[in-house]
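Q: Hi! Could you walk me through this structure, chain by chain and then across the contacts?
A: Happy to, let's have a look together.

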Amino acid sequence: MKLVPIAALLAAALASPAALAQKKYDPGADDKEIRIGNTNPYSGPASAYGTIGKAIGAYFKMVNDQGGINGRKVVWVSYDDGYSPPKTVEMARKLVEQDQVLILFQTLGTPSNTAIHKYMNMKKVPQLHVATGATKWNDPKNFPWTMGWQPNYQTEGRIYAQHILATNPKAKIGILYQNDDYGKDYLKGMRDGLGDKVGMIVKEVSYEVTDPTVDSQIVQLQASGADTFFNITTPKFAAQAIRKAYDIGWKPTHYVNNVSASIGSVLKPAGLEKAVGLISTQYLKDPLDDQWKDDDSIKAWKAFMAKYYPDGNLADASNVYGYTVAQTLHQVLKQAGDNLTRANVMKQAAAMKGWRTETMLPGIRINTDAGDFAPIESVQLIRFDGKEWKRFGQIMGR
Amino acid sequence: MEALLHQVLAGLATGGIYASLALALVMIYQATHLVNFAQGELAMFATYFAWTLINAGVPYWPAFFATVAFAFVLGVVIERVVIRPVENAPVLAVVVVFIALLVILNSVTGWIYSYTIKTFPSPFPTGGVFGTKLLSPHELGAIGVTLVVLVLLYLFFRFTPLGLAMRAAAQNPDSARLVGIRVGWMLALGWGLAAAIGAVAGMMVAPIVFLDPNMMGGILLYAFAAALVGGVDNPWGAVLGGFMVGVLENVLGAFVIGNELKLAVALALIIGVLVVKPSGFFGKVFVTRV
Amino acid sequence: MSRRQIILLAVLLLAACALPLLVSDYRVFQFNLVLVYAIALMGLNVLTGYNGQISLGHGAFYAIGAYCAAILMDKAGLPYWATLPVAAFVCLVAGFLFGLPALRLEGLYLALATFALGVSLPSLLKYHHLEKWTGGVQGIVIAKPDPPFGLPINADQWLYYFTLLVTVIMFVIAWNLLRGRVGRALVAIRDNHVATEAMGVNNAIYKSLAFGVSAMYTGVAGALGAIAVQYVAPDSFGIFLSLTFLIGIVIGGLASIPGAIYGALFIQFVPNVADEISKAAPWAIFGIFLLGFVYLMPMGIAGAVRMALARLQRRAQNRQRST
């Protein structure tokens with residue numbers, strides 16, 4: 001009689017480690033769901049970017065409808081931080097300590113992410129695929145729990161600098177930049193890229209997000225005699241700058257940064273004919289670009305938007321960004337399988353070799369490893385011909 | 001020298017924007033002795049209404065006048081429904097109500113229309129004889145419209161009985177009631193007119209800065225400064241103040257202090273003026289006897 | 001103060017001390033911010049509630065205090081508690097200096113001047129010549145202080161207790177100031193500045209001092225806030241912060257000490273509640289809350305509490321009389 005309970009105990013003891021080894025969870029993941037936390041500026045000066053959070057939420061609704069990831073539903077918990085760092089700290093703590101999410105994903109804004117950088121690493125919670133292009137997120141040695149996603153701003157600035165040096169070594173460069181971390185990062189990239197030829201910059205003018213127009217700044221740049229213009233602005237001001245430059249008859253070689261290269265949000269309002277000749281870099285497909293009209297991935301994206309995010313603007317490239325980065329997380333979580341610990345999520349995110357999704361431009365790939373926490377480092381130079389962003393040259397970066 | 005001229009012209013263009021909203025602020029002040037922080041958002045909301053009409057195919061001028069009428073009605077309704085309950089509350093409570101209005105209008109507009117910028121058409125011809133290269137025909141036209149509104153306002157307050165009644169209601173509500181003026185409706189009328197002027201301002205501004213829910217935020221500050229530096233009870237002063245602020249800001253930014261601090265310096269100068277001349281350049285000085 | 005009031009305060013204090021031991025760290029952090037805002041609102045109330053000088057730019061003094069703390073901790077290695085007196089002194093002087101020219105401005109014009117201060121401070125903080133100290137647009141990251149003497153509480157709880165101590169001290173000082181000569185002078189100046197001048201009260205000194213003291217309180221709050229959040233950046237201190245403070249004192253109750261606490265609770269928690277109610281337009285919901293509070297309680301929460309208590313007392317008195 002005593003043998004049965006002993007045998008049962010033995011069987012249980014032998015079976016359990018094997019069973020346990022298959023599923024590992026950290027707070028925020030279990031058999032039924034995976035909780036992903038996020039902060040986005042749904043209000044305040046940067047509220048235009050709030051659509052990214054909504055697009056990602058819609059994407060995971062679609063994933064859930066299709067059965068979830070490895071049978072688990074994704075619970076998307078996103079809070080508004082109004083682009084204010086103290087609010088981001090509060091919301092991040094809420095997500096980690098109260099809502100018990102597995103990871104923080106695509107938290108938006110350089111100051112917002114800077115504010116929670118130390119906290120996330122101290123708490124050992126992944127701060128994954130942050131929505132900012134600052135260079136400091138690629139530091140696995142000191143901040144192993146933080147990883148970026150998009151090509152960083154300094155690299156982009158350097159690429160433009162290299163292009164100027166190669167095509168017009170006698171150029172006189174005028175720069176308009178937004179007076180915050182985003183603008184200054186691009187500016188640093190260009191200055192570093194020019195190296196000892198930094199004297200080619202004849203004028204740098206800044207503007208604040210609260211300025212009604214940048215018309216005065218454009219007039220200043222024309223007066224400085226610059227024949228090359230690096231336009232570091234956010235969409236509204238980019239449109240103003242492009243239009244004003246054309247209207248006052250200033251025709252420089254015009255580089256516009258990637259964030260403001262959207263046909264729908266910038267070029268169309270400015271006037272397509274005024275944007276001819278614009279040079280930028282890109283790593284995603286622009287939804288309004290004619291050359292992708294019949295492209296399968298853009299068609300799939302449009303169907304997704306119609307069904308899951310009907311309020312979303314089909315002309316806004318941010319919605320393609322949100323969709324693509326959500327696909328990246330989808331892949332990471334799929335790779336993690338049943339081992340949903342925070343450490344494993346970071347491990348999988350740092351083990352992507354040559355992975356891509358079709359809304360990225362041809363040739364762009366995601367590469368990460370233990371020492372490289374910058375997923376997308378390659379971009380394509382593009383030039384606007386009045387209708388489409390035509391790719392030229394090779395893919396730059398890794 | 002040429003660069004200076006260019007900046008001055010650009011300053012007149014932006015100054016025109018400030019002047020038009022400053023007129024709405026002066027209007028509301030003359031009618032209610034309060035400065036309405038939500039004026040900018042009201043103007044922005046009305047402009048979105050116009051955009052919706054134009055997008056639905058309504059031609060520009062009918063849409064323009066329909067929007068002005070809509071804004072007028074909206075202003076009256078807001079005064080009667082939202083402001084009336086706090087008529088007798090401390091001034092600061094009313095300011096909080098304004099802030100609440102500001103926040104509600106901004107948030108609702110962003111929700112309905114999203115935050116992507118939209119183009120807004122201009123009724124003025126593009127290019128050609130009218131404008132120089134630095135002042136587009138629209139910017140010139142917008143200044144013109146502002147001046148027309150200014151003249152209409154001045155005539156209204158100075159020469160019509162209704163305008164007189166409104167001024168009386170704002171300055172001395174009790175005496176005005178004794179003479180038979182319906183003070184409540186004067187206030188509502190004042191709000192309606194201010195909202196209408198704001199709508200005009202919004203429709204003039206949107207083609208220049210592009211339509212988005214945060215369009216009026218920065219402009220409101222400059223308009224506020226412009227209205228005060230010109231004398232908050234004087235529509236001419238407000239318009240002149242607007243041009244002054246626009247030119248000052250541009251010239252300071254380009255030649256004196258750089259773009260980073262031009263806002264701070266412009267405002268410091270304005271405050272300096274107010275410290276020396278507390279009722280603004282053209283405001284009336286009120287002497288109260290004790 | 002009556003015995004009942006003293007007992008009530010003691011109970012409140014005890015509850016405040018027990019709080020961190022009963023709730024999660026995240027809530028302790030939130031209540032820490034409530035205390036910080038309470039000090040800031042106390043400051044603004046001294047100036048606007050008691051003295052009638054409207055300020056739409058108090059966020060600037062909060063920012064100055066915050067940056068004082070951050071710069072001293074980051075660049076000069078000062079311990080966190082030592083930054084408070086420095087922040088207090090700097091803001092006292094700054095407020096006083098601002099208050100002097102402001103003497104010439106009344107009502108609307110003072111509002112504009114303070115509004116201008118609130119709006120321009122971020123650009124001053126970003127100014128590239130000052131970048132070496134202010135960290136420019138990147139801001140400054142500071143470390144959270146550890147509990148001293150190896151106390152068995154964590155950093156969040158320690159900071160809460162420290163902030164609570166500072167809050168109590170500052171409220172006691174304010175209470176003493178306001179119920180004495182100074183307080184009476186401030187209120188008298190607010191209600192009839194011509195009469196006070198005629199009576200021999202030096203309006204100018206009192207008004208400028210009011211500015212200075214008010215700025216000092218808000219500056220200390222800023223320093224404590226920076227330490228709690230562990231990060232300062234120019235764009236955290238825009239005009240909306242100043243407007244939030246104004247909302248806080250109006251909703252909490254003008255010219256009222258408990259009003260500062262009610263207001264702090266409102267501005268900390270109601271936006272979160274609004275966010276839970278509506279993801280699409282949370283600030284519209286916040287605006288509706290604002291309207292509701294102002295309509296129902298035009299004298300602020302403190303005013304409503306006072307009226308409710310008075311009504312209860314009257315009812316008790318009536319009952320006594322009839323028996």
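Q: What share of the 323 residues of chain C count as buried?
A: In this predicted model, 54% of the 323 residues of chain C count as buried.

Q: How many helices and strands are there in chain C?
A: Chain C has 14 helices and two strands. Its radius of gyration is 20 Å, close to the 20 Å that the globule rule gives for 323 residues, so chain C is as compact as a globular protein of that length.

Q: And what box do the C-alpha atoms of chain C fill?
A: Roughly 70 × 50 × 45 Å, taken along the principal axes.

Q: What about contacts in chain C with a separation of 6 or more: what part comes from residues 24 or more positions apart?
A: Those pairs account for 77% of such contacts in chain C.

Q: Let's zoom in. Where does C:Ala226 lie?
A: C:Ala226 is in helix α10 of chain C, which covers residues 203–229.

Q: Is C:Ala226 buried or exposed?
A: C:Ala226 counts as buried, because it has 29 C-beta neighbours inside 10 Å and the cut-off for buried is 20 or more.

Q: Which residues does C:Ala226 touch, leaving out those up to four places away in sequence?
A: With those left out, C:Ala226 touches C:Ala66, C:Ala69, C:Ala70, C:Ile142 and C:Val232.

Q: New topic: the contact of chain C with chain B. How many residues does each chain put in?
A: Chain C puts in 34 residues and chain B 35 residues. On the chain C side, α5 (107–126), α11 (239–252) and α13 (282–296) each supply at least two residues.

Q: How many residues are in the largest nonpolar core?
A: That core has 340 residues, and those with the most contacts inside it are B:Ala22, B:Leu23, B:Leu25, B:Ala223, B:Ala225 and B:Ala226. α8(B) brings the largest share of this core, 19 residues. The core also draws at least three residues from each of domain 1 and domain 2 of chain A.

Q: Which residues does B:Leu23 touch?
A: Not counting residues up to four places away in sequence, B:Leu23 touches B:Thr146, B:Val149, B:Leu150, B:Leu153, B:Ile197, B:Pro235, B:Ala238 and B:Val239.

Q: You brought up domains in chain A. Where are they?
A: Domain 1 of chain A spans 33–151 + 294–378, and domain 2 spans 153–282. Their C-alpha centres lie 28 Å apart. In the contact of these two domains, each gives 13 residues.

Q: What about the strands of chain A: in what order do the four strands of the open sheet run?
A: The order is β3-β2-β4-β5, with parallel pairing. β3 (73–80) and β5 (127–128) stand at the edges with a single partner strand each, so one side of each is left without a neighbour in the sheet.

Q: How many bridges join β2(A) to β3(A)?
A: Eight bridges join them, and the two strands run parallel. One bridge pair is A:Asn38 with A:Ser78 in β3(A).

Q: Last one: how many residues of β6(A) are buried?
A: Six of the six residues of β6(A), 173–178, are buried, so the strand is largely enclosed by the rest of the structure. A:Ile173, A:Ile175 and A:Tyr177 point one way, while A:Gly174, A:Leu176 and A:Gln178 point the other way. β6(A) also pairs with β7(A) in the parallel sense over six bridges, and A:Gly174 stands opposite A:Lys203 in β7(A).

Note on methods:
Residues are numbered from 1 along each chain as its sequence is written. Chains are lettered from A and ligands numbered from 1 in the order in which they are written. This is a predicted model: local features need pLDDT of at least 70, side-chain atom pairs count only at pLDDT 80 or more; totals for chains, interfaces and linings use all residues. Two residues are in contact if their C-beta atoms, placed from the backbone, lie within 7 Å. Domain bounds come from an automatic or database domain assignment. The radius of gyration is taken over C-alpha atoms; the globule rule is 2.2 Å times the number of residues to the power 0.38. A residue is buried if 20 or more other C-beta atoms lie within 10 Å of its own, exposed if 12 or fewer, and partly exposed in between; C-beta atoms are placed from the backbone. A nonpolar core is a set of buried Ala, Val, Leu, Ile, Met, Phe, Trp, Tyr and Cys residues joined through C-beta atoms within 7 Å. Two strands pair if DSSP finds at least two bridges between them.
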